[in-house]
Amino acid sequence: MVLGLGLALWPQLGAYGPNWDEALGPLFYGERYAAFYLEGDTSALQFERPHGADRGPGHPDLAQGPRFKPWAIWALPNFLSSLGCRIFHRGLGLEWLVAHHATNLLLFLAFVLAAAWITASFLPRSRLLLATLLCVLSPHFHTHLLVNTKDLPMALGSTLLLLAWYRWRLSFRRFDLLLCALIFGLALSIKVFALFQLVAIGCFEAAALALSWFNLGRPEFGRVRRVGTALLIVAGIGVLVACASWPYLWDDTFERLRQHWVYLRVESMRGGLVPDFSRRAWQFEALASFFCATPSWWLGLAVLGGVAAWRRRSTLAALLALGLFFELYKNCLPGVARYDGIRHFLAAVPLSAFFAAEGVAAVAAALRTHRVPVALPAAFLALAPLHQLGPYYPWTYCYYNGLCGGLGGVRSSFDPDAGDYWALSYREGLAAVARRFPQGALLTVPIAEHLAALLGPEQPGLRLVPTVTPQRISLEPEEVRALVELGERQALVALFIERPGFDNDFTRLLKHSYVPLEVMERDGQPIRWLFLVHSSKLRDGSRGIVR
């Protein structure tokens, strides 16, 4: 199965450009950490100075353009991405971005093998097989599997931690406990959100001990000590593993941890990444986003699976249900930023896939009991996901189910930025501009310009006109007027995604007053715009900027 998945997914890696976030530092820091780990070059950790790792053969200059501060970017996931680049790009000659993203696919395949080994004694292989296939066919998870080098490994690590803990509580072997600690440390070294899964484990064990006390009439103090000690060991070793994997923390450790904490609190324009209970309002858009991004047939199967697991009194299902709850709960806390679809709680997909797989097994068992042929339901299960992926491919993370009105319903109700929010289509868009203007043209990208700057060397005939930065997304009226006047003198093309949260006066002017050269759509909604900034492209009755 792993070989088949690898062969099926590998060719799809080339369909995507760089994502919004990895062009803001992860690629740069990954190459620096790779130079440090693999070559022992300590000068690579002097991030403000130029280094040979910034621009390898066939690789754009990663030191150019804006990037996050070093205390914001953990080392491990980006080091693994750069390790893939060194193996597949420098070693085997693959395209540089495909090589970076290949690590993600290999991590997923390794996750499947590890999960099969960890769960061999308590989870039927058929359930794991179904859950794996459901993850691959989940529209949002499918895209993140191929491009997201931070949230995808975090989701895999969180899921594997729960399975490994369940294995330990069945065996109480030291090896299994150390395995839990190692997995937790690796997950924590990707994102601190792994702490919530440790909280889920603690709540699960507290509930199990309370239930045992109720049934026996007395507390089991020996079990309390064993579980409490195990949690402390996992937390302690995990923190040590996470800190040891991040060379930036090896010097002035506490100050840099403080800087990372401050970053988590104020990371985005829409809030921090840790709770702020001074903001009294809880936010439930995360729940809505998850349910809308999940196919309706999946939700139905997950409910059936949950009922079937509850009737069996499955303790594994109870642990995974708590993990799913905390994965969504953390994004509902007051003050926590929620944006970019479901990527901040991506582990909810493999966790819910377990229940959907249980639902499939329950339906199959009911059909066999009544001697109903399973061929037709099996065909539906195989074809329904492909039917939903097809119209959105390769931008499958633009999918939302019909229960919420599809992409248009989500945009109008609670997430106007839904769509190609990571601008993965910019590489394809730049190629489209180059085909339309083979003699060359000026290019402006008023949303996520840093991606176009990174990809610029691929299209030498296009000259980028700087407009915005990640820290400055608005344009002054004089700047808009200058762009319009420039378009009258030379061929000026504007390329940008539909993301109203990052709109400015220039993008609004183009969408309102100009006829687009090209609109990429999914589900009847605009995803990416392409305009020629010239008065000949003004809509009827529109005067553009009033001079």
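User: Where is Asp 252?
Analyst: This is a predicted model, and in it Asp 252 sits in the loop between helix H10 (221-244) and helix H11 (253-266).

User: What is phi for Asp 252?
Analyst: Phi of Asp 252 is near 55 degrees, a positive value in a residue other than glycine. Most residues other than glycine have a negative phi.

User: And is Asp 252 buried or partly exposed?
Analyst: Asp 252 counts as partly exposed, at 46% relative accessibility.

User: OK, what about phi of Arg 313?
Analyst: Arg 313 is not a glycine either, and its phi is positive at about 55 degrees. You'll find Arg 313 in the loop between H13 and H14. Arg 313 has a relative accessible area of 57%, so it is classed as exposed.

User: Let's move on to H14. How many residues does it have?
Analyst: Helix H14 has 15 residues, 315-329. From first C-alpha to last it reaches 21 Å, close to the 21 Å expected at 1.5 Å a residue.

User: What caps the N-terminal end of H14?
Analyst: That is Ser 314, with a side-chain oxygen 3.1 Å from the backbone nitrogen of Ala 317.

User: Which residues of H14 are buried?
Analyst: Among them are Leu 316, Leu 319, Leu 320, Gly 323 and Phe 326. What covers the buried residues of H14 includes helices H7, H9, H12, H13 and H15.

User: Tell me about H7. At what angle do the axes of H7 and H14 cross?
Analyst: The axes cross at roughly 145 degrees and come within 10 Å. The crossing of H7 past H14 is right-handed. On the H7 side, the contact is made by Leu 162, Leu 163, Trp 165 and Tyr 166; H14 contributes Thr 315, Leu 316, Leu 319, Leu 320 and Gly 323.

User: How many of those contact residues are nonpolar, polar or charged?
Analyst: In the contact of H7 with H14, 7 are nonpolar, 2 are polar and none is charged.

User: Switching topic: where is His 144, and is it buried or exposed?
Analyst: His 144 lies in helix H6 (residues 139-147). His 144 is buried because its relative accessible area is 0%, and buried means under 20%. Residues that His 144 touches include Asn 104, Arg 343, Tyr 397 and Trp 422.

User: Last one: what kind of peptide bond joins Tyr 393 and Pro 394?
Analyst: A cis peptide bond, with omega at about 0 degrees. Pro 394 is in the loop between helix H16 (375-389) and helix H17 (406-413).

Conventions. Residues numbered from 1 in each chain as written. Predicted model: local features only at pLDDT ≥ 70, side-chain atom pairs only at ≥ 80, totals over all residues. Heavy atoms only, no water. Helix = DSSP H or I, 4+ residues; strand = E, 2+ residues; numbered from the N terminus. Expected span 1.5 Å × (residues − 1). Buried < 20%, exposed > 50% of the residue type's maximum accessible area, 1.4 Å probe, protein only. Contact = heavy atoms within 4.5 Å. Polar contact = N/O pair within 3.5 Å; in protein donor to acceptor, adjacent residues only side chain to side chain. Axes fitted to C-alpha atoms, helices over the stretch in contact; angles between N-to-C directions. Left-handed = near helix turned anticlockwise from the far one by under 90°. Nonpolar A, V, L, I, M, F, W, Y, C, P; charged D, E, K, R; others polar. Lists of a residue's contacts leave out its neighbours within four places in sequence.
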